Amino acid sequence: MSTTHLLIELVLMPLVAFVVGLAMLLMLRKIGARLQRRVGPPLLQPLFDVIKLYSKRTQVSHGLLHEAGIVVAVGAYVAIETLVPVPGMNGIAEKGGLILLSYLMMVPSLGLALGVGQCANPNGSIGLSRAMTAMLAYDIPFMLVVFGVAWQFQTTNLVELVAVQQAGGIATWGIVENPLLAIAGLFGLQAMLGKQPFEIYVAPAEIATGPMVEMGGKFLGGLFVMQSFQFYTAGVLYTTMFLGGGENWFTFLIKIFVVVAIPLSVAFMFPRYRTEDMVRLVWKWPVILALLGLVVAVQ
Amino acid sequence: MSVLDQLLVFAFMTGAVASFIGDRRFAGTLLAILYFGQFLLLVKLAPLGYGAQPVVSAWQPALFGEVLVWRMDALGWYFALITVVAGWLVTWYASGEWGQGYRERGGNLGLMHTAVAANVVAMLLLLSSGNLLSLFVGWELVSWAGFLLMVMNGRESGGVSGPAGLRYITYATLGAMALLAALAIAHHASGSFEYIDLIDAVDQMTGPTRVSLVIAFALAFTIKMGLLPFHLWQAPAYAYSPGPGGAFLGAISSRVGLWGLAMVFGSLIGIGRIAGIELIPGWFDLRDVFMWVAALTIVLPTFTALRQNDARLLLAWHGIGQGGYMLLGLAAGDALGTGGGLMHVLNHASYQAPLFLAVFAVMHRTGTSDLNRLGGLVARMPLTFLVMLIGIIGLAGLPPMNGFVSKYLVYISLLRQGEPLLFILAVIGTLGTVLSVFKLLHNTFLGQLRVEHMEVREAPWSMLIPMLLMASVVVVTGTAPGLVLDWVASAQAALGLPVLDHTLGGAAGLDMLWVSGVLVYGFAVGTLLFLSGNKSRRVHQFDNYAGGHFLTAENQYQYSDQFYAGLMHHIGGWYRASFTWAESVVIASVDAMSAAANGFFRRTQAVFLLLLATLGSVAWLLWGVGS
Amino acid sequence: MNAIVLPVVLPLLAAFLLPSLARIWSSAARVLGPVLMLVSLCVLWTTWGEHPTPFVVALGGFQPPMGIAFHVDSVAMLFAFLVAGGALLMWPAWTDDDTMPRLAALTLLLVAAATGLALSGDLFNVYVFYELLSVASFGLVSARRTGAAFAAGFRYLVISGFGSVLALLGIALIYLRTGTLNIAHLGQLAPESLADPFGLAAFALLLLGFGVKAELFPVNTWVPEVYAGSSARVAGLLAGVVSKLAVLVVVRMLVVVFPHDETRMLLLILGVVGVLSGELAAWSAKDMRRMLAFSSIGQLGMIFIAFSIPGEAGWVAGLALVLHHLVVKSGLFLIADRWGGALQSLTGAARVSPFTAGLFVLFALSLIGVPPLPGFWAKLQLVIGLVENGNGVYLGALLVFLAATVIEANYLFRLAVAMYAEGASSTVTAPSGGNRIGAAIFAAVLVAAVFLLNPLSEAIDDLAVVGNDATGYMDSLAGGAR
Amino acid sequence: MIPELHVGWVLFAGAIGLIAIGVGGLLMSRDLFRVVLALAITEAGANLLLVLSGYRFDAIAPIVTNEVGGVMVDPVPQAMVLTAIVIGVGVQALALGLVLRIYRAYGSIDVAEVRRRMDDDIAAEAGLPLPSGREKPAVHS
């Protein structure tokens, strides 16, 4: 692979992710609207929102770190996008792997946490504490799932993971080989995306949207971009692990939209848990499922 | 005189200088220069780190028919490098304003410099020990030099350091006695104290002898390393040492335990033989015991750290937990695991020392390390914040810092060996660390700046430069772990372990050069995106609204106490202090036995005892002869 | 006759003359004792050089095995040397009241008896010197003339007296069997006449009888109160020097006359229990003197364990421990002269006298066995010796020993840490100049030993060969007396 | 032979008995003076045993005379016993002296009382709380 090719991929991969991510945001709002028997926003509304936020006149910053936090949150996702393979583009996925990705995905949130920390708003801090707790909770089943998949396919390399599943057809997809792990993974996904019933750290009515409390203008816009990346990444990762990755862009997009649509639809049917209840729930069923899946995987 | 001799003599000289003029104003600077000299001598020995033959000391005293040998190999060099650099930078840190402040607070700066220098000398002697006897001598010197550093801080710590040091030395003596027992067993089996003879003799040993040898060694080294269940001494002992001393101890001192275990697992006995000792045949062997101890050492102390409200204690508890990763990797036994475990030693030193120093810089400026009395300092001490930020990312083991690389190798090793439970325990430890260090950072530097800290200044350069140097090590070796992995591979070769196949960017499918590169790229994109927005306006921290009113200087609200209340609501009940309880039971039983012994001397009818003893021994002898 | 009798005879004579001399010429009486010690040291030094092989001195002209004989070999000389040297450094401080001449006379008597004990080659001789030693030590113990000193002395006397009776019974049994009391001769006869239950019973009686002075468990209950009730120097002398002489007697009997597994095992077990009880009791001692007393019981137990190891390894370990304990414990008791009170009162004592506190730390480190101090090398010999034996009981002893060291480290450094505690003001005063100098000399010996470890180790090896050489001991009879 | 043997056995039994009496006294006496006496009795028993160890009933006294006699009694034990007796007397004198001193110091020669007072004195000197719980030791001589 030539250097130019690689450079093009490095530019293209985040860009695609951004676009698809925005589409997913749109889907989220559409689903919500349909469930509440509304029409929902038009096609380009998410993009307009982002542009609007970035160009607002009132931009309140609490200091350099506040700004750096947003930069890290967005920037880390840009980096992550180059590490997950999509049809036709592997980027530098060979240089990382499943475990690196699992840890790298904590970086944007922590960057955001730094920014929120400097806002010096107690509501933000409370939100952070809850977000960290949630992370501790859902990462345990999620890492079990990662282990199970890596063991199942005897690799942590995402490119190889895709290659193995595509070579063997649907029968070798993770979801077929080990449905238990796939279900546990879905649970983890739900929590990772911070959607109901796990949106404890946003909790608008309780702690005034927690981490977002001091965010406005391009800061909130940054968060918006970050969320679009987050949806996309989660979808791609799950697809790569369980659904055989993308043979071509058409099937690939279908898969990742379906994957993201599930938690989003579920989200609207649930109220919010309390922190301790969420921890208990996540440590119970997904962990049990993942462990059972591991037993299957090891045999 | 070999370079090793020069190094040892130079280190002794540094100690002598410290003890004579350690309390002068210029002493810190002079000593820092001397440490740098030691560092240069180590650089002269650098071929060791790239596969050269060990360097032997010319001085080999013979005592009671036994010879003391000093010989430095790749493993020793690797640890010695960390030691000397840590000693150098912490002394530099203490050379300026910090030292002056310490003296003004009534501390004995000269003694502290001397103690640090003594620790460095002792460590060098231990790390270059060429047989079991010199190992024991070095071992004891390290223990007692550490003790000196721990107990000398009585005034600063409000008298807490004394009992903490006493607890340490009691544990350390227990470890030393276990080591002595191991020495005796080895001597019995091989007829000498030489490593080579022991290695030869291991195969001929009977099963019980081998098991007891492994246990004796393991006991000695695990106690020093603060592994479960012998970890209780470590946190208070390190936390209440004088700042730079505590940083030194936390960075490297307890890792000599790992050094010893590496020798046992590598050359002396061999991990294969240890795995061959099956406790439940087919299911559970002695190596598994080590791995589970390591995994529990990762989890339990980390979650103890999570509950600390004193920054020093928090860091010290994490130090214990990180030791678990090292042992876990080492006990995994393959190239990846041992490589990760050994690399983690340097990584841990490189972030633990600046973290301690950053905490002490904050203490220097604010007078407290109580996490509930700080906050918002990032606006006043941005560079110290930067050091702590880099440090905690390394400690938490997140990319792109070096802590991630070593843990990654351990994870992959566990993955390849199919150890999901150990893997998940290691992950839980990392997650707990992330939570805990975020609390540390948040409660110190983020949130509301307290009114009494409004005028706080940034730490002086004499403290910042050493911290920044250490922090830069975290970044550089995180980006190019191959620098360290070269040394680690040489150490593995010296130990007879499988050698890690690596590149400059990492190993096992990880290339940190690329990962760091795309992160920089990503941040650049993020910055551009950020700058593309409308210009922002900075506001004061009180330009803020929460809990129904504006925050003002009179009416501050910093969320810090019980930071993870929700989590604690769930796991709070799991903190049972079982080890503290077990320790107190041991102490109570010694007390009871002691009371009984005292009673014997106080109350008994002396003559009656004499008579009883006479009759008893006569009868015993008669019976003994009769049978 | 031989100059070697002088270290026994001269102090004995001086002891009787001294009270009268003190009335006539008090300053002469003042220096008489120390001068005599120096003379003894010189005599022993020169004799040591002259006679490389063991020899026998017949007193009163009767040739052994008849008559009363001294058996002089390097081990005996070493102990005689230690007695004179120890007494010189621990000489009672001079006070101007009238008790002083008596104290000096008693010390001289003690020295004479102890030297005699070291040199005796005859069991009854041993008994006589032992009794003399006892009488002198009773006097010294109660010399402080307080009620506690008298009471402690009396208790000591009763136990010691009963011990003497036991020893006498043992001697009677031995004589009944063999018709001789010359130890070398006994050694020759023992394989036929004493290698049976009867003989072993005699050994047990001797062991417990003489064990009273050697702080052997369980006949050591007098130790804490005597050391607490008497002056620190007397305690140091008893713990440092006198106890070792009793050990020597017992070990000589063990090696020359009763070299059996059963007797060694008895010594080992009593030693192990001694280590345990001593160190455990010291763990919760409330005052420094009793702490040191209990600690010395533990140390003596270690010495017994060492000597119970068969072969030269046991002697090497035992002698090293004996020498080390003598130096360290004497030094510690000198410190305890003023600092012997409640441990609590010593909190912050390092600021009263940093020098003394430093010495305490040094002694404590060596006692625990921290390399490179001599204590470590001594303990290392013991550990190797124990494990070389490979036997289950010896390994058990090793475990007990190791555990005891941990306890030892804890209680010694609990005190050391308290001494250096900040913000506390100690009520004690600095030790007197003499005591400080004495302790400093012992510390200097200790430090010098670190640098002289090599020659020392060789010397101890040689001594161990002599000590363990039972046939050499018996053969000295054949050489005739000088 | 039978009478001699008989006498020998009686004497042996007597020696053992003396020791037993002495030990009993040592164990059971509540009075320091009696302890001294018991010790004396024990020593006497041991001495008797020692004499018996070398005594032969069919022999003459080991004194150099012109008489041409049979076997002499072994003189060594007798000499030893003489020495032992002398030493014993010395020790007993010392013991009695100590008893006297103790009585003067404490006004009692009861074993338990003396013990308690001694413990108190030692504790008071060391600056420790008194084991018996009294405020301060009663008398100092």
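**Domains of chain B**

I began with distances: the C-alpha centres of domain 1 and domain 2 of chain B lie 49 Å apart. A reminder to myself that I am working on a predicted model. For the bounds, I noted that chain B is split into domain 1, residues 293-483, and domain 2, residues 578-626.

**The nonpolar core**

Next I looked up the largest nonpolar core, and it holds 611 residues. Which residues have the most contacts inside this core? I found Ala182(B), Leu328(B), Ala426(B) and Ala114(C). I then asked which element gives the most to the core, and it is H6(C), with 21 residues. Back to the two domains: domain 1 and domain 2 of chain B both contribute residues to this core, so the core lies between them.

Setting aside neighbours within four places in sequence, I see Ala182(B) in contact with Leu213(B), Ala216(B), Phe217(B) and Ala220(B).

**Where chain C meets chain B**

How many residues does each chain bring to this contact? I have 53 residues from chain C and 48 residues from chain B. On the chain C side, I listed the helices that give two or more residues: H6 (147-178), H8 (197-211), H11 (261-283), H16 (374-389), H17 (392-419) and H19 (453-468). H17(C) supplies the largest share of that side, 10 residues.

Conventions. Residues numbered from 1 in each chain as written. Chains lettered and ligands numbered in written order. Predicted model: local features only at pLDDT ≥ 70, side-chain atom pairs only at ≥ 80, totals over all residues. Contact = placed C-beta atoms within 7 Å. Helix = DSSP H or I, 4+ residues; strand = E, 2+ residues; numbered from the N terminus. Core = buried A, V, L, I, M, F, W, Y, C linked by C-beta atoms within 7 Å. Buried ≥ 20, exposed ≤ 12 C-beta atoms within 10 Å, placed from the backbone. Domains from an automatic or database assignment.
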